[in-house]
Amino acid sequence: MYTIDELAHISGMPSRTIRFYNTQGMLPPPTMRGRVAFYGDEHLLVLNLIKELKEQQNLPLETIKHLLEIRAKFGEVQMNLALRQRLQRSLTGGGQEVRLSKETLMQQTGATEKWIDELTRQDLLFPLKTESGPMYSGDDILLLQLYERLEYLGLPIALPALIRFQLRQLARSEIAAVEQHVQPRWREEELTPEQQAEQFQMILTLTDTLISVMHRKLLYQL
C-alpha cells in the first residue's frame, strides 16, 4: 500500500494529478486508514494505463474515462476491444471506409509512386481493385507509416514480407477453426449477423493480443 506521495513517486505523476483523476472517478477509491488514503498496485496500473492512452494514443480524458469504466465492468480484453474499434474508426473516417487513389495516398503519406508500387507488388499493401485503378484504405496508410519507421530503424522490407507469409498461413488456420468450431455454435444459438460480427471482432482482438504477447515473449527468449 502506498500513500499518495509514494504513489506519485513510483508512477512519476504529480500528487495533484492523481487527486484530479480521483475526483474525476478515473481511479478506484483508495483505502482509508483514519484520515490517510492508501493506494495499491491496481491504482498504479490504472495510472500507467491513463498515461499510455493519453501520451501514446492521444486520447482525450473523457474517452480514457469511458475505456476505464469498460475495464472496471467487463475486464481488460473488452477495454482493448473498445479501444481497437475506436482506433479503426479514426483510421477509416468515423466508421466509413476510406478509399484513396494512389495519387492521394502519395500526397497524404509522402511515399513515392515507386515505393507504393513495390509494396503493392509484394502484397504488403492491400488496395481494392476498381475500374478507375487501385484504391487504398486507412490500413494502407498505417502500413506505410510502419514500413517507413522500420526502414528508418534499419530493418529491411524483407522482414515485413516474411511476417506476411507466416501470418497468411496462420490466417488460413484461423479461418478453418472459425468454420469448424465457431460458426456451428452461431447457427445453434441463432445469432444475428450483427451479433456474429461483434463476436468475430472480439476473436480478432483476442488473437491479435495473443500474437503480440507471444511474439514479444519468444523474441526475448532467443
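Residues are numbered from 1 along each chain as its sequence is written. In this predicted model, local features need pLDDT of at least 70, side-chain atom pairs count only at pLDDT 80 or more, and totals for chains, interfaces and linings use all residues, while side-chain values use heavy atoms, with hydrogens and water left out.

**Exercise 1.** State which residues of helix H1 are buried and which are exposed.

Solution. Helices are DSSP runs of H or I with at least four residues, and strands are runs of E with at least two, numbered from the N terminus. Buried means under 20% relative accessible area and exposed over 50% (1.4 Å probe, protein chains only). In H1 (residues 4-11), Ile4, Leu7, Ala8 and Ser11 are buried. Seen down the axis of H1, they fall within an arc of 100° (taken from the directions from the helix axis to the C-beta atoms), so they line one face of the helix. An α-helix has 3.6 residues a turn, so residues three or four places apart point the same way. The face turned away from the buried side carries the exposed Asp5 and His9.

**Exercise 2.** Find where Leu125 lies and decide whether Leu125 is buried or exposed.

Solution. Leu125 sits in the loop between helix H7 (113-121) and strand S3 (128-130). Leu125 counts as buried because its relative accessibility is 2%.

**Exercise 3.** Name the residues that Leu125 touches.

Solution. Contact means heavy atoms within 4.5 Å. Leaving out residues up to four places away in sequence, Leu125 touches Ile116, Leu119, Thr120, Tyr136, Asp140, Leu143, Leu144 and Tyr147.
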